[in-house]
Amino acid sequence: MLDTLLPWIAILAGFTGLVWSADKFVEGSATIADKFGLSKLIIGLTVVAFGTSAPEVVVSISSSLKGAGELAIGNALGSNLANIGLVLGVTALIAPLPIKSHILKQEYLIMLAVMALAGYFLWDSHLQFWEGIVLVSLLLPLLFWIAYSKKQHPEEIEELPESTSLKEGFLWFAIGLILLISSAEILVWGAKIVALNLGVSPLIIGLTIVAVGTSLPELAASVASALKGHHDIAIGNVIGSNIFNLLLVMGIAPTIQPILMSSEVFSRDFLAMVGITLFLGGTMLFSYLRNNNSHSQLGRLAGIVLLLLYGAYYTLLF
């Protein structure tokens, strides 16, 4: 009985540790950066942006080192599906989400371009070392682009954690980093054992349990912001997170170990991500044109459809 429960306990403990340690890692890193005189814009673009995707990144590295590269790819694609279908779907149900014009004209188009490149690499069901290098190397230019974009739209700079003393900053940075790594190790171990016990592939576990779990910080933050009325940047944050997942979370895995995967990764999972992303874009464009860029928003109906599409994807998996 204990042998059956232990992997599930490990998954739960791993998720809990990832969420808590990511928060402390961001708090400590932001404090250190602030004390050394870095601007809030730079801190927000680097420390805070990485912190929200830290669970996915660390799980990707850990699973690749353990020879479970498909879990890493499933985590990246599954997290993107969860960000749009679950996070935006639930948040839009709580409060309509404003659509900024530059999101359609800039961020969304860049996300489509990154998706097209990722799809080209996934087409042959083999992610090679050089393909991972290409994806990861695009991250730095992306950060420069985001910096430019944020300067044009300063209202979209994320609120930073409160700064504490430098000593506390180093303490939380160290604790957060150690717990991030150890939590990911525990989570990946539990996920692999559950996959074996259920007779499913690590890919399915990555697409479902791990993907939803590592998206919990984004879901919690988005729902909390919507309840407080601070939901102006929800769509932009999800698009930024999805780009980050494709370039870093998916890209870093084959740089550790080339990955051979099932053809369903492209034909089912990647195309499902493309489909829900195109629905999001079409809905935003329709609202934008219908309202002549005045009060265009992602409403509750769109939120319901996003949740239904996300649920429909799960019927394909099982």
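User: Which residue lies over the face of tryptophan 172?

Analyst: In this predicted model, the residue over the face of tryptophan 172 is lysine 24, placed at 4.6 Å from the ring centre.

User: How is a pair of aromatic rings described?

Analyst: Two quantities describe such a pair, namely the distance of the centres and the angle of the planes. In this chain the count comes to seven aromatic pairs. For tryptophan 20 and tryptophan 172, the centres are 5.9 Å apart and the planes stand at 75 degrees, so this pair is edge-to-face. Since tryptophan 20 belongs to helix 1 (residues 2-35) and tryptophan 172 to helix 7 (residues 166-198), the pair ties together parts that are 152 residues apart in sequence. Tryptophan 20 is partly exposed at 40% relative accessibility, and tryptophan 172 is likewise partly exposed, at 22%.

User: Why is the pair of tryptophan 123 and phenylalanine 266 classed as it is?

Analyst: Their ring centres lie 5.0 Å apart with the planes at 80 degrees, and therefore the pair is edge-to-face. It joins the loop between helix 4 (101-122) and strand 2 (126-127), where tryptophan 123 lies, to helix 11 (residues 264-290), which holds phenylalanine 266, so parts 143 residues apart in sequence are tied together.

User: Are these two residues buried or exposed?

Analyst: Tryptophan 123 is exposed, with a relative accessible area of 62%, whereas phenylalanine 266 is buried, at 15%.

User: Which residues do ring pairs link into a cluster?

Analyst: The cluster consists of Tyr120, Phe121 and Trp130, linked by ring pairs.

Notes:
Residues are numbered from 1 along each chain as its sequence is written. This is a predicted model: local features need pLDDT of at least 70, side-chain atom pairs count only at pLDDT 80 or more; totals for chains, interfaces and linings use all residues. Side-chain values use heavy atoms; hydrogens and water are left out. Rings of Phe, Tyr and Trp (its six-membered ring) pair if their centres lie within 6.5 Å; planes under 30 degrees apart count as stacked, over 60 as edge-to-face and the rest as tilted. Helices (H or I, at least four residues) and strands (E, at least two) are DSSP runs, numbered from the N terminus. Buried means under 20% relative accessible area, exposed over 50%, partly exposed in between (1.4 Å probe, protein chains only). A charge sits over a ring if NZ of Lys or CZ of Arg is within 6 Å of the ring centre and within 35 degrees of the ring normal.
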